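I opened the model to look up a few things about its sheet and helices. My notes follow in the order I made them.

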Amino acid sequence: MADLVLLTPRPADDASAALVLPGLPLLPHRVSVSGMDAGVLLTRGDPDLVLVDATADLVQARGVLRSVHALQLDIPVLAVVGEGALAVLDERWPLDDLVVSTAGPAELSARLRLALGRGPRRDTAESAQDARDEPEAIRVADVVVDEASWTVRAGGRALDLTFKEFELLRYLVQHPGRVVTRDVLLQEVWGGDYYGGTRTVDVHIRRLRAKLGPERESLIGTIRGVGYRFTGSRSTDG
């Protein structure tokens, strides 16, 4: 039996564990549920493993994972994800393993057992190397996309973006001045297995423009019948 901590944006009660990971209450582990605050790990004793709920907000979950990693608690960390998130996870996510929220008790038990046996995968040297390898923030006009912290600032103001809005803006900012078709955006942002239409791109572009504000909405130009173009010159923040 292991002591597990589940960090989730859901209400911090016993029912949340079953909502995030239905197979978890069926296993003989002690589970404490807390909000999306890595600092709680400093006051909850020494858990054997941390689960981070990434089923609802991937941007928030990645930030929490980075915060947990920065604490260097020597505790294995697993992310709980939906199947749609599998296409966007890569080596820059600081986690030891992941489990899909629909995993059955047998698979979940095996993943927990393996993670507990291996312990954390990153040591201090690797963490230092990761810090050196973090991508620089990209600036176009006064819009700054920081991949390291998954934040966007416009005129110094932080924007509250969804995961897809962030990914869409990041792709456009990475290719300033280039006309990008709706089909390319669907492929690069939503993935090749997405079956929705290009109307999805238009809806997200409209939301992005609204969040950028009237003084910056023209940064995302429409090329009628083709796609979109982000104007301005790209630079990086050191």
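**Entry 1: the sheet**

I began with β4 and β5, which run parallel and are joined by four bridges. Before going on I noted that this is a predicted model. Within the pair, I looked for the partner of Leu78 and found Asp97 in β5.

Next I asked in what order the strands of the sheet lie. I read β2-β1-β3-β4-β5, an open sheet of five strands with parallel pairing. β2 and β5 (97-100) are the edge strands, each pairing on one side only. From one strand to the next, the twist averages 25°. I wrote down a reminder that strands of a sheet pair through backbone hydrogen bonds, either parallel or antiparallel.

At the other end of the order I checked β1 (residues 3-7) and β2, a parallel pair with five bridges. Here Leu7 stands opposite Ser34 of β2.

I then asked how many residues of β4 are buried. The count is five of five, so I put the strand down as mostly covered, buried being under 20% relative accessible area. I sorted these residues by side: Val77, Ala79 and Val81 are on one, Leu78 and Val80 on the other, and both faces are covered.

Asp53 has Val80 of β4 as its bridge partner. I followed the chain from β3 through α2 to β4 and recorded a right-handed β-α-β crossover.

Helix α2 (residues 58-71) lies across β1, β3 and β4 (77-81), and its direction is at about 160° to β3. Helix α3 (residues 105-118) lies across β1, β3, β4 and β5, at about 170° to β5.

**Entry 2: Asp96**

I found Asp96 in the loop between β4 and β5. Is Asp96 buried or exposed? Its relative accessibility is 17%, so Asp96 counts as buried, the cut-off being under 20%. A polar atom of the Asp96 side chain lies 2.5 Å from the backbone nitrogen of Val77.

**Entry 3: Arg44**

Arg44 is in another loop, the one between β2 (30-34) and β3 (49-53). I noted a relative accessible area of 35%, so Arg44 is partly exposed, a class that falls between the 20% and 50% limits. Which residues does Arg44 touch, leaving aside its neighbours within four places in sequence? I listed Ser32, Val33 and Ser34. For Ser32 I also took the C-alpha separation from Arg44, which is 8.9 Å, with the two residues 12 apart along the chain.

**Entry 4: α6 and α7**

Last, I turned to helix α6 (residues 182-190) and helix α7 (residues 199-212). Their axes are 9 Å apart and the packing angle is about 80°. Angles of 65 to 115 degrees count as roughly perpendicular, so I describe α6 and α7 that way. On the α6 side, the contact is made by Arg182, Leu185, Leu186 and Trp190. On the α7 side, Thr200, Val201, Asp202 and His204 take part.

Methods
Residues numbered from 1 in each chain as written. Predicted model: local features only at pLDDT ≥ 70, side-chain atom pairs only at ≥ 80, totals over all residues. Heavy atoms only, no water. Helix = DSSP H or I, 4+ residues; strand = E, 2+ residues; numbered from the N terminus. Buried < 20%, exposed > 50% of the residue type's maximum accessible area, 1.4 Å probe, protein only. Contact = heavy atoms within 4.5 Å. Pairing = 2+ DSSP bridges. Axes fitted to C-alpha atoms, helices over the stretch in contact; angles between N-to-C directions. Right-handed = clockwise from strand over helix to strand, strands pointing away. Polar contact = N/O pair within 3.5 Å; in protein donor to acceptor, adjacent residues only side chain to side chain. Parallel < 35°, antiparallel > 145°, perpendicular 65-115°, else oblique.
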